[in-house]
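Open the model in your viewer and keep the selection panel at hand. We will go stop by stop.

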Amino acid sequence: MKQHINNIIKGDALSVLKTFDADFIDVGITSPPYNKQEKHKGWLVKNVKYDSFKDVKTEEEYQQEQIDVLNEIFRITKEGGSFFYNHKTRWERGQMFHPIQWLSKTQWTVRQEIIWDRMLAANIRGWRFWQVDERIYWLYKPIKNNKIGIELESKHALLTSIWRFPPENGQKNSHPAPFPITLPSRIITSILNENKGIVLDPYCGSGTTLVAAKLLNKKFIGIDISEEYIQYANQRIQNASAEKRIVEEELQKHIVQKTFKQRKQNGEFTGRHKNNHQMIDNQSHQISLL
Ligand SMILES: C[S@@+](CC[C@H](N)C(=O)[O-])C[C@H]1O[C@@H](n2cnc3c(N)ncnc32)[C@H](O)[C@@H]1O
């Protein structure tokens with residue numbers, strides 16, 4: 001696998017993953033194409049169209065492909081390793097599709113469902129309350145059937161299961177659907193801390209996960225079907241230092257200001273997560289729906 005380390009492979013994710021050895025990835029992060037049929041134009045954001053494939057499958061085909069890809073990732077991940085899968089609930093002619101429908105058919109243990117509050121709605125029609133959330137599923141490969149795994153350090157766990165930051169600014173990144181570098185940075189630092197590790201993104205697009213991995217001193221492997229996006233991702237990786245400030249800002253949030261014990265000793269509030277809420281309120285931006 002050595003030849004793939006710190007590289008992006010061009011090809012179909014499922015076919016490429018099948019060529020990989022078993023049990024060598026530490027953590028993966030991805031946002032796959034959402035099978036959005038390329039016709040859901042939002043009022044506020046541009047329609048997502050990729051350069052070298054059409055995001056148009058039957059829902060059945062799409063879900064089966066995602067199951068197959070996720071099972072391949074399970075095979076190549078080390079026991080005790082994790083995969084973070086960014087997706088959202090979708091509707092097609094009034095029928096809701098929820099990612100748990102296919103995640104529960106994979107070999108992964110679903111360790112957590114994280115809500116990503118993007119603070120921005122893609123469509124402001126009134127068929128539903130404006131959808132500002134996406135989901136990030138923490139998938140876990142158990143060690144000898146222990147589905148619980150080791151604990152996160154407190155400085156990471158206190159960031160809670162609701163993550164609030166806006167999507168990537170479309171003017172900064174030419175890819176049609178990048179996620180912000182804050183997202184993979186939070187995951188990589190929470191799971192790997194200072195440890196070495198190999199980070200995978202099988203639909204790496206503009207390379208956001210790979211840039212975060214590089215800046216956090218981890219190894220990485222990317223896969224994407226588009227030559228154009230791979231070229232752009234490689235440029236970003238070369239110029240990674242330009243994005244260092246945003247990654248450092250994220251790391252600043254992984255700090256325990258006072259431990260539970262210290263607060264108790266000082267007679268201060270020891271409720272479950274008051275401090276964290278204050279911290280999140282300080283960080284949060286105005287909801288920018290319009
Ligand atoms: C939602 S985007 C990922 C964006 C990425 N997270 C970023 O920050 O730039 C999905 C990516 O999957 C790629 N893709 C679509 N079908 C694929 C396939 N079968 N195999 C590999 N990549 C594919 C697209 O080219 C696109 O870049």
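**Before you select.** This is a predicted model: local features need pLDDT of at least 70, side-chain atom pairs count only at pLDDT 80 or more, and totals for chains, interfaces and linings use all residues. Residue numbers start from 1 along each chain as its sequence is written.

**Stop 1: the sheet.** Show the cartoon. Helices (H or I, at least four residues) and strands (E, at least two) are DSSP runs, numbered from the N terminus. An open sheet of 8 strands runs in the order E1-E10-E9-E2-E3-E7-E6-E8, with mixed pairing. Strands count as paired if DSSP finds at least two bridges between them. E1 and E8 (162-164) stand at the edges with a single partner strand each, so one side of each has no neighbour in the sheet. From one strand to the next, the twist averages 20 degrees. Axes here are lines fitted to C-alpha atoms, for helices over the stretch in contact; angles run from 0 to 180 degrees between N-to-C directions.

**Stop 2: strand E3.** Select residues 77-87. Of these 11 residues, 8 are buried, so E3 is largely enclosed by the rest of the structure. Buried means 20 or more other C-beta atoms within 10 Å of the residue's own, exposed means 12 or fewer, and partly exposed lies in between; C-beta atoms are placed from the backbone. E2 (residues 25-30) pairs with E3 in the parallel sense over 5 bridges. E7 (residues 133-140) runs antiparallel to E3, joined by 6 bridges. Phe84 faces Trp138 in E7.

**Stop 3: strands E7 and E6.** In E7, 6 of the 8 residues are buried. E6 (residues 109-117) pairs with E7 in the antiparallel sense over 8 bridges. Select Asp117 to find Asp133 of E7 opposite. Trp116 has Glu134 as its bridge partner in E7.

**Stop 4: helices on the sheet.** Helix H2 (residues 59-76) lies across E2 and E3, at about 150 degrees to E3. Helix H5 (residues 182-192) also packs on the sheet, touching E2, E3 and E9 (198-201). The direction of H5 makes about 160 degrees with that of E2.

**Stop 5: Val199.** Which residues have the most contacts inside the largest nonpolar core? They are Ile188, Val199 and Ala212, in a core of 47 residues. Such a core is a set of buried Ala, Val, Leu, Ile, Met, Phe, Trp, Tyr and Cys residues joined through C-beta atoms within 7 Å. Beyond four places in sequence, the contacts of Val199 include Val27, Ile29, Ile188 and Phe220. A contact needs C-beta atoms, placed from the backbone, within 7 Å of each other.

**Stop 6: helix H7.** Select residues 227-238. Tyr229, Ile230, Ala233 and Arg236 are buried in H7. They cover an arc of only 120 degrees around the axis, which puts them on the same side of H7. The arc is taken from the directions from the helix axis to the C-beta atoms. Glu227, Gln235 and Gln238 are exposed on the other side. Cover for the buried residues includes E1 (7-10), H6 (208-215) and E10 (219-224).

**Last stop: Thr106.** Look in the loop between H3 (100-103) and E6. Thr106 has 19 C-beta neighbours inside 10 Å, so it counts as partly exposed. Thr106 touches Ile67, Leu70, Asn71 and Phe74, leaving out residues up to four places away in sequence. Gln66 is 40 residues from Thr106 in sequence, yet their C-alpha atoms are 9.1 Å apart.

Notes:
Contact = placed C-beta atoms within 7 Å.
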